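Below is what I'm looking at, followed by my notes as I went along.

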Amino acid sequence: MLTAVLWGLAGGSSLVVGALLGLFAPIKKKIVALIMALGAGVLISSVAFELMDEAFKQGGFDAAATGLLLGAVTFFLGDLAINRAGGKHRKRSEGQQEEGNASAIVLGTLMDGIPESVAIGVSLLAGGTVSWVFLAAVCMSNIPESLSATVGLTRAGHRPLRIMLMWTAIALLSGAASGLGYMLLNNADANLTAGIQAFAAGAILTMLSSTMLPEAYAEGGAMIGLATTCGFLAAFVLGHL
């Protein structure tokens, strides 16, 4: 379990790195958007060829398909509720967070990261090790995500200390979610483990398509599609070497 917590913290700590960059060394919006798109492409590849492939091997088509759809629907409903509560612009960099609700923004940001953390913990159960490609994908998506949101939160009037405390808490909770996933599913039925892995995959895909990629496109324009494809190809090649 401790190993799962540490790997979850490793992925979640990139949120703190992005927040620090957003506060003290802001990067141009187009570059942030391109990094975000690359990370999204790597995550899509990891979801397809690692999470879903492993879920299918363990539990078959029924467990993989059911888990994927449940994860997608759960994230969709959660995201809808968060948006209505005032967390719609949690990833924006222009200060739109000023119009929202602080608690909803924090909850929405946490919800975005939980599926990735659970996937890290479950992958330890499935294969005994965490895929470094998947971990790299999590970091590549987390850094520009927190960087962009931090710039927006700063412009909306939130204090730097409060922003850093928020990202630190989310990083710690990411580690806890990874460890909890590992602990609860240790020695569980293979179908259940496969279903949870696919559930995380569905939530991640829905998160990418509904929040991360639209934000990247809004900031980076037409190049985002190409960058996403390059990220997907890089992860595919590295995962099959």
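Which side chain does aspartate 53 meet in a salt bridge? I looked it up, keeping in mind that this is a predicted model. The partner is lysine 57, and the N to O distance comes to 3.4 Å.

Next I checked where the pair sits. Both aspartate 53 and lysine 57 belong to helix α2, 4 residues apart, which is about one turn of the helix. Aspartate 53 counts as partly exposed because its relative accessibility is 31%. Lysine 57 has 60%, so I put it down as exposed.

Then the inside. I found that the largest nonpolar core has 38 residues, and that Leu43, Leu51, Phe134, Ile204 and Leu208 have the most contacts inside it. Helices α2 (29-87), α3 (102-127), α4 (132-155), α6 (190-220) and α7 each put in at least two residues. The largest share is from α2, with 15 residues. Apart from this core I noted another one of 13 residues, including Leu23, Leu110, Leu153 and Ile163. A reminder to myself: nonpolar side chains tend to be buried together in soluble globular proteins.

Beyond its neighbours within four places in sequence, isoleucine 204 is in contact with Leu43, Val47, Leu51, Pro115, Glu116 and Phe134.

Is threonine 193 buried or exposed? I have it in helix α6, and it is buried because its relative accessible area is 5%. Leaving out neighbours within four places, threonine 193 has contacts with Gln58, Val122, Leu185 and Ala188. I took the C-alpha to C-alpha distance for threonine 193 and valine 122: 7.1 Å in space, though they are 71 residues apart in sequence.

Last stop, the surface. Phe49, Trp132, Leu233, Phe236, Val237, Leu238 and Leu241 make a nonpolar patch of about 730 Å². Which helix gives the most to it? I got α7 (residues 223-239), with 4 residues. Leucine 238 is in that helix, and I logged it as partly exposed because its relative accessibility is 37%.

How values were computed:
Residues are numbered from 1 along each chain as its sequence is written. This is a predicted model: local features need pLDDT of at least 70, side-chain atom pairs count only at pLDDT 80 or more; totals for chains, interfaces and linings use all residues. Side-chain values use heavy atoms; hydrogens and water are left out. Patches are made of residues with over 30% relative accessible area and no salt bridge: like charges are joined within 9 Å, nonpolar side chains (Val, Leu, Ile, Met, Phe, Trp, Tyr) within 5 Å. Accessible areas come from the Shrake-Rupley method with a 1.4 Å probe; for residues, only the protein chains shown count as cover. A salt bridge is a side-chain nitrogen of Lys or Arg within 4 Å of a carboxyl oxygen of Asp or Glu. Buried means under 20% relative accessible area, exposed over 50%, partly exposed in between (1.4 Å probe, protein chains only). A nonpolar core is a set of buried Ala, Val, Leu, Ile, Met, Phe, Trp, Tyr and Cys residues joined through side-chain atoms within 4.5 Å. Contact means heavy atoms within 4.5 Å.
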